[in-house]
Amino acid sequence: MTDTIFALSSGAPPAAIAVIRVSGPQAGAALKALAGTVPPPRRAVLAVLRNLGGDTLDRAVALWLPGPGTATGEDSAELHLHGGRAVVAAVEAALGALPGLRRAEAGEFTRRAFTNGRVDLSEAEGLADLLSAETELQRCSALSMAGGALSRHVADWRGSVLALSASLEASLDFAGDDDIDDNGALPPGFVQGCAVLADELTAWLARPRAEPLREGFRVVLAGPPNAGKSTLFNALVDDEAAITAAEPGTTRDVLVRGVALGGVPFAFVDTAGLRDEGAGPVEQIGIARARAEAERADLVLWLGPEGEGPSYHCVWEIAAQCDRVDVQAKRRARFRVSALTGEGLDELRSGLVGHARSALPQPGAVALNARQHALLSEVASAIGDAARVTDPLLAAEHLRLARVALDRLVGRAGTEDMLDALFGRFCIGK
């Protein structure tokens, strides 16, 4: 944290404008070295930038942003340059030649913001998702998380836990008073308070999760060889991504392609044809992988004989190749489609979008990722345990565990390995 870091924070050149950010104790000195002066705080000033040798680099807009009221909590500066590659490279070289300055690592600006208390861990996770958002649903959810929606709920839950803990402390410290039971029982209203909080946490745990939203609603096409899976897969992703042929066993591995339909992220999965006989060793590996994919799917499109699809997940019977007269009809098919003629494809896409929207988080709603869900589960479990015991000391310990999990949820306690993994998702300059 004693280093001053710099990086290009805008898109890769060439561009109309390039923004270089500088953050750290030497930010003001760096600005003065290049621009010849430190402008008034938070006022854009036109400046001629020069390197240590006095060579003119660019005419740019300079901003001086003294800490701690900055994005990183440190003294910061911004240089808004002409966005040519040579201009950016020359200014970066000039900054790198100054003592105490170095290029930033991936996510280092946001990590400093987290370290300096400008954002908590859940807000940083939301920002990481916002940077990678490709659909409107992803953007809305990530923006809500980055804006502190979950953090505010965590603060409320922590306040409730502290209030419950305070009531226990009173029962321990003032046992014998008229309004406090002196036989070691829990204070009045304690169990009910725990139940109310546990019900709220349980409702949150039942919400749609963040992983399908981030990775795409996973739709697996399954069925026997030559059922039309790869042809339909290509039609859904609008690309000749999968090889199609009349020869059985053409698809031998899992092929995943992400695509947005109606603003909803999908991950379509083409799999090997399922059959018990006639498959060679390589195809058998593909069949095993196909079965595994069906198990983890959010939705399986079954293109095989009616009623023979997997029963452990949401399965839609699809009558594929409906243009062919030699294909056995399905009486209860959800959709009849032909990837060759286009019949039924629009209806299938609309059905997929509607189904996924009902299963994914609603626009702007907070969606918990796996880490957050696991920690909130710990909180709910600890609150439930606190209500079930009769010893106030044991109940107090369960509430302490709940507070620890809540602190880990927003990064008041955590491990460096987890932080390294998170901030490694960011680009250089963020």
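**A buried arginine and its surroundings**

Start at Arg218, which is buried, with a relative accessible area of 14% (buried is under 20%, exposed over 50%, partly exposed in between, using a 1.4 Å probe and protein chains only). Bear in mind that this is a predicted model, where local features need pLDDT of at least 70 and side-chain atom pairs 80 or more, while totals for chains, interfaces and linings use all residues. Residues are numbered from 1 along each chain as its sequence is written, and side-chain values use heavy atoms, leaving out hydrogens and water.

Arg218 meets Glu293 in a salt bridge, 3.2 Å from N to O (a Lys or Arg side-chain nitrogen within 4 Å of an Asp or Glu carboxyl oxygen). The pair ties together distant parts of the chain, 75 residues apart: Glu293 belongs to helix α10 and Arg218 to strand β7 (DSSP runs numbered from the N terminus, helices being H or I with at least four residues, strands E with at least two). Glu293 is buried too, at 11%.

Now follow β7 into its sheet, an open one of six strands in the order β8-β9-β7-β10-β11-β12, with mixed pairing (strands pair if DSSP finds at least two bridges between them). β8 and β12 sit at the edges with a single partner strand each, so one side of each has no neighbour in the sheet. β7 runs parallel to β9, joined by five bridges, and Val220 stands opposite Val269 in β9.

For a contrast, look at Arg336 and Glu343, a salt bridge at 3.4 Å. Here Arg336 is partly exposed at 48%, and Glu343 is partly exposed at 39%.
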